[in-house]
Amino acid sequence: MGIENLAEKAQILIRSRLCSPNFIFKPLSDSSDSNYSKLKFIISSSIMEACNNSILLLGPRGSGKVAVLELVLSDLLEEYPDTITVIRLNGLLHSEDNSALKEIARQLCMEHHLLFSKMASFDDNSQFMIAMLRECGLAHKTVIFTLDEFDLFAQGKQRLLYSLLDAMQTVTSQAVVVGVSCRLDADQLLEKRVRSRFSHRKLLFLPPSKEDVQRLLEHILSLPMDSSLACDYAAEFNEKLQSILADKRFKEIISNYLNSNSTTNHLLRFLFIAISNMELKSGFLSLENFKAALSSIQRHPKQECIKDCSILELYILVCMKRLEVREQNSYNFSSVMKEYKSVHDSFPTSDYYAQNVCLRAFEHLLQRELICFTDNRGHSQSIEFRQVKLVVSYAELQEGLKSYRSCPAILLKLIDR
């Protein structure tokens, strides 16, 4: 088999791994301190001891809350196939109490092969849910409710949460409620009557540590030796991969990326682009693949807008930045023109334009949203006298000027001062 065919197979294998949450989070579940182990212990204890429980999974979007929950549920369904019923709700779809209870009733009917009535009222569905929880408890079956976007269920009168948690107070019921939210204060949104029935267990999902990132990279990118791929190729691929992972330049790339996008989901997106950039002719990953992925994923729209500006517009941006450096936070077009004139007087160049031309360039910068008005008041005022501010950071402006093909040298000197 040719090197290109082997490389294509390797690329397909790794990309399929990146799309499989179960594969990705499996190595992070080995530790007893991992959220996977803690969550599995809480739910399995509730199943074994026939008790009710509730828990919140909190953390930023993309940190793996739902992926870890699904991994735990899939493992428990294998261990206890006849004693678990999983009811899944999402706040984006079921935040309204009536629709949520209707969905619970529908899933319970489907699970237990019962006839579902679409015309049932809120009270009918609530009574049905309570009855089913009692019956499941008597049959030693646990109902696990997963509430994704939990904070959306905490809006309004919270009748669903109250009905659900209140039903779990009975001796015969046997249920677990798992809420998932990106709001760290999700439990504080609960009403007093609901909060008193909640167990207040919380698992916090943090960005992966450097050690976790290293393990993830090796786990995802290394080729298995016992696959359809040639052993020699897999061994050489893994050897080259280890040299890349140990390279200081690669560690800087990963560090720079994680500083701005620290969640596991963002890391997987970055790796997917790097793998897609792999040169099939060479058959192996290279440092350039990761560099290309970093440059393509870290887009700077403001910097790209600066590249399309005219020379005069660059002068206006630099003058505004100079005013801000001098802590002149309140300024308008007239102030910018005074700064523009003082720059030209200090460094006479041919890049000097009449005020009406400058005003048109100023308006163009407003349209491009590189600058904006400081408030929405003063619509009756002329543009020249309304307060403005830069929407571009110092770093973006500096990088934009450096990448500008015909940027006057004087502007680079002015921005560095």
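Contact is defined here as heavy atoms within 4.5 Å. The structure is a predicted model, in which local features need pLDDT of at least 70 and side-chain atom pairs count only at pLDDT 80 or more, whereas totals for chains, interfaces and linings use all residues. Residues are numbered from 1 along each chain as its sequence is written, and side-chain values use heavy atoms, with hydrogens and water left out.

The secondary structure of the protein comprises 21 helices and 7 strands, assigned as DSSP runs (helices, H or I, at least four residues; strands, E, at least two) and numbered from the N terminus. The radius of gyration, taken over C-alpha atoms, is 30 Å, well over the 22 Å given for 417 residues by the globule rule (2.2 Å times the number of residues to the power 0.38), so the protein is more spread out than a compact globule. Along the principal axes, the C-alpha atoms fill a box of roughly 90 × 70 × 35 Å. Of the contacts with a separation of 6 or more, 71% are between residues 24 or more positions apart. The protein exposes about 21400 Å², of which carbon and sulfur atoms supply 51%; accessible areas come from the Shrake-Rupley method with a 1.4 Å probe, and for residues only the protein chains shown count as cover.

Buried residues (under 20% relative accessible area; exposed, over 50%; partly exposed, in between; 1.4 Å probe, protein chains only) make up 47% of the 417 residues. In soluble globular proteins, nonpolar side chains tend to be buried together. A nonpolar core is a set of buried Ala, Val, Leu, Ile, Met, Phe, Trp, Tyr and Cys residues joined through side-chain atoms within 4.5 Å. The largest such core holds 62 residues, and Ile43, Leu57, Ile220, Leu221, Phe270, Leu271 and Phe290 touch the most other members. Helix α4 (residues 65-79) gives the most to this core, with 7 residues. Apart from it lies another core, of 37 residues, including Tyr331, Leu390, Leu397 and Ile415.

Aromatic pairs are rings of Phe, Tyr and Trp (its six-membered ring) with centres within 6.5 Å; planes under 30 degrees apart count as stacked, over 60 as edge-to-face and the rest as tilted. By this rule, the count is 9 pairs. Phe270 and Phe290 form a tilted pair, with 6.2 Å centre to centre and 40° between the planes. This pair links distant parts of the chain, with Phe270 in helix α14 (residues 264-276) and Phe290 in helix α15 (residues 287-297), 20 residues apart. Both Phe270 and Phe290 are buried. Beyond four places in sequence, Phe270 touches Ile253, Ile254, Tyr257, Phe290, Ala293, Leu294 and Ile297. Elsewhere, ring pairs link Tyr233, Phe237 and Phe284 into a cluster.

Arg193 lies over the face of Tyr162, at 4.4 Å from the ring centre, and Arg386 lies over the face of Phe373, at 3.8 Å from the ring centre.

Ile55 belongs to strand β1 (residues 53-58) and is buried, with a relative accessible area of 1%. Not counting residues up to four places away in sequence, Ile55 touches Leu39, Ile42, Val177, Val178, Gly179, Phe198, Ser199, Arg201, Lys202 and Leu203. His200, in the loop between α10 (192-195) and β5 (201-204), is partly exposed at 37% relative accessibility.

Notes
A charge sits over a ring if NZ of Lys or CZ of Arg is within 6 Å of the ring centre and within 35 degrees of the ring normal.
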